[in-house]
Amino acid sequence: MSHEFIPVNEPLLDGNEKKYLVECIDTGWISSEGPFVDRFEEGVARRLGRKYGVAVCNGSAALDAAIAALKLGPGDEVILPTLTIISCAAAIVRAGATPVVVDADPATWNMNVSQVSEKITSRTRAIMAVHTYGLPVDMAPILELADKHGLKVIEDAAELIGQTYNGRSCGSFGDISTLSFYPNKHLTTGEGGMILTDDAELAERCRSLRNLCFQEKRFVHKELGWNFRMSNLQAALGLAQLERLDEFLERKRQLGRNYDKFLNGIGELQLPLPATDYSENIYWVYGVVLRDELPFDAQFAMEQLTQHRVGTRPFFWPMHEQPVFRRMGLFGQLRCPVAERLGRRGFYLPSGLAISDSQQRRVADALKAVVARKH
Ligand SMILES: Cc1ncc(COP(=O)(O)O)c(C=O)c1O
């Protein structure tokens with residue numbers, strides 16, 4: 001019998017999403033000028049404990065606008081994790097600034113915060129902390145270093161809306177935070193993102209940058225911006241999703257507990273840490289890392305899982321190993337052994353909100369079969 005394919009992600013859209021979308025169509029408000037945009041911005045900012053939210057067209061654009069709003073540019077260095085999505089380093093490079101990366105932590109898969117201080121030079125202007133997969137970055141040492149050296153903090157909370165660090169919401173740390181609402185996020189607008197800040201001037205700058213830097217005299221510009229606007233349709237979806245964030249977070253935690261139970265005892269796999277001193281995992285995605293005793297890498301395991309009709313995604317590929325950055329002469333001969341290993345041996349399992357317990361069991365059985373193959 002051939003099984004149905006279990007996708008790596010499937011969102012849940014069965015709350016008020018349809019109702020609010022119909023409202024957009026019935027009222028004719030479909031562009032970024034519609035009322036859902038303000039409501040969504042206010043709702044997210046309130047939920048995460050920020051003063052201002054600026055909705056944009058995706059999480060990558062949010063990072064570009066954040067870097068531009070902080071006026072980072074040529075001669076400035078920004079410290080960030082090497083194990084992250086290209087959007088983080090790309091925003092820095094596009095602004096003409098220099099990305100300086102730190103290795104990953106082998107247990108949490110986040111940036112190794114103990115390596116940040118040794119990367120600080122007289123040119124360092126900012127630290128970009130990126131919460132990865134389910135647990136946040138250990139923010140206290142980052143904030144302390146930033147304070148000591150007068151650095152800006154950009155918090156990329158794209159993956160962890162609803163997560164907390166010592167009880168405080170991710171997305172509320174540092175000068176500026178960013179979010180993504182891509183459908184694999186547990187709050188989606190199809191495509192979308194947001195910038196969050198408590199600084200009125202920064203918020204205003206972000207609003208201007210997302211809207212081509214239009215000024216009082218329309219079509220006369222003193223600065224270059226982008227069209228990074230979010231439409232009313234996207235914000236309508238987002239508002240409906242936001243109403244269910246707590247339910248979604250509980251579902252994510254259950255999903256994590258299920259995989260923990262189903263995969264318990266497979267010594268060849270490193271599973272996500274359920275908690276740290278400062279947070280409980282919310283399993284944005286459920287990652288696994290193949291231990292060194294397995295004679296194959298993530299690529300092989302993922303191909304095998306595809307044959308079992310199970311979707312997966314690899315972990316990020318480190319920034320210092322990206323051909324595009326190497327070609328630009330960035331990172332020199334830098335080695336980050338933990339991130340290099342995670343990039344080769346880590347991947348994640350279907351983790352979307354719509355997955356059923358029985359599908360999770362099938363995923364776990366397929367993974368067990370793949371691990372057992374080479375014994
Ligand atoms: C940590 C992180 N930052 C930024 C982004 C970019 O978001 P988007 O896909 O909305 O551009 C992602 C995307 O998944 C992400 O995981």
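Modeller: Start with one term: two strands pair if DSSP finds at least two bridges between them. Keep in mind that this is a predicted model.

Take strand S8 first, residues 176–180. S8 pairs with strand S5, residues 152–156, in the parallel sense. That pairing has 3 bridges. Look at Leu179, which stands opposite Met194 in S9.

Now check the cover on S8. Of its 5 residues, 5 are buried. In a regular strand, side chains alternate between the two faces of the sheet. On one side of S8 you find Ile176, Thr178 and Ser180.

Move on to strand S11, residues 286–290. Is S11 mostly covered or mostly open? It is mostly covered, with 5 of its 5 residues buried. Tyr286, Val288 and Leu290 point one way from S11. Gly287 and Val289 point the other way. All of them are buried.

S11 belongs to an open sheet of 4 strands, in the order S10-S11-S13-S12. The pairing in this sheet is antiparallel. Walk along that order. S10, residues 269–270, pairs with S11 over 2 bridges. Leu269 has Leu290 of S11 as its bridge partner. Next, S11 is joined by 4 bridges to S13, residues 346–349. Gly287 has its bridge partner in S13, namely Tyr348. Then S12 pairs with S13 over 2 bridges. Arg313 also stands opposite Tyr348 in S13. The edge strands are S10 and S12, residues 313–314. Each edge strand pairs on one side only.

Helices lie against this sheet too. Helix H11, residues 337–345, packs on the sheet and touches S11 and S13. The direction of H11 makes about 105° with that of S11. Helix H12, residues 357–373, lies across S10, S11 and S13. H12 runs at about 150° to S13.

For contrast, look at a pair of helices. Helix H2 (residues 35–48) and helix H7 (residues 232–242) pack at an angle of about 35°. Their axes are 8 Å apart. H2 passes H7 in a left-handed crossing. Residues of H2 in the contact include Phe36, Phe40 and Val44. From H7, the contact includes Ala235, Ala236 and Leu239. The contact residues divide into 9 nonpolar, 3 polar and 2 charged.

How many disulfides does the count give? It comes to 0. A disulfide needs two cysteine sulfur atoms within 2.5 Å. The cysteine sulfur closest to that of Cys24 belongs to Cys57, and it is 17 Å away, so it is too far for a bond. Cys24 is buried, with a relative accessible area of 0%. Cys336 is in no disulfide either, and its nearest cysteine sulfur, in Cys88, is 15 Å away. Cys336 is buried as well, with a relative accessible area of 3%.

Methods:
Residues are numbered from 1 along each chain as its sequence is written. This is a predicted model: local features need pLDDT of at least 70, side-chain atom pairs count only at pLDDT 80 or more; totals for chains, interfaces and linings use all residues. Side-chain values use heavy atoms; hydrogens and water are left out. Axes are lines fitted to C-alpha atoms, for helices over the stretch in contact, and angles run from 0 to 180 degrees between N-to-C directions. A crossing is left-handed if the near helix is turned anticlockwise from the far one by less than a right angle, and right-handed if clockwise. Contact means heavy atoms within 4.5 Å. Ala, Val, Leu, Ile, Met, Phe, Trp, Tyr, Cys and Pro count as nonpolar, Asp, Glu, Lys and Arg as charged, and the others, Gly among them, as polar. Buried means under 20% relative accessible area, exposed over 50%, partly exposed in between (1.4 Å probe, protein chains only).
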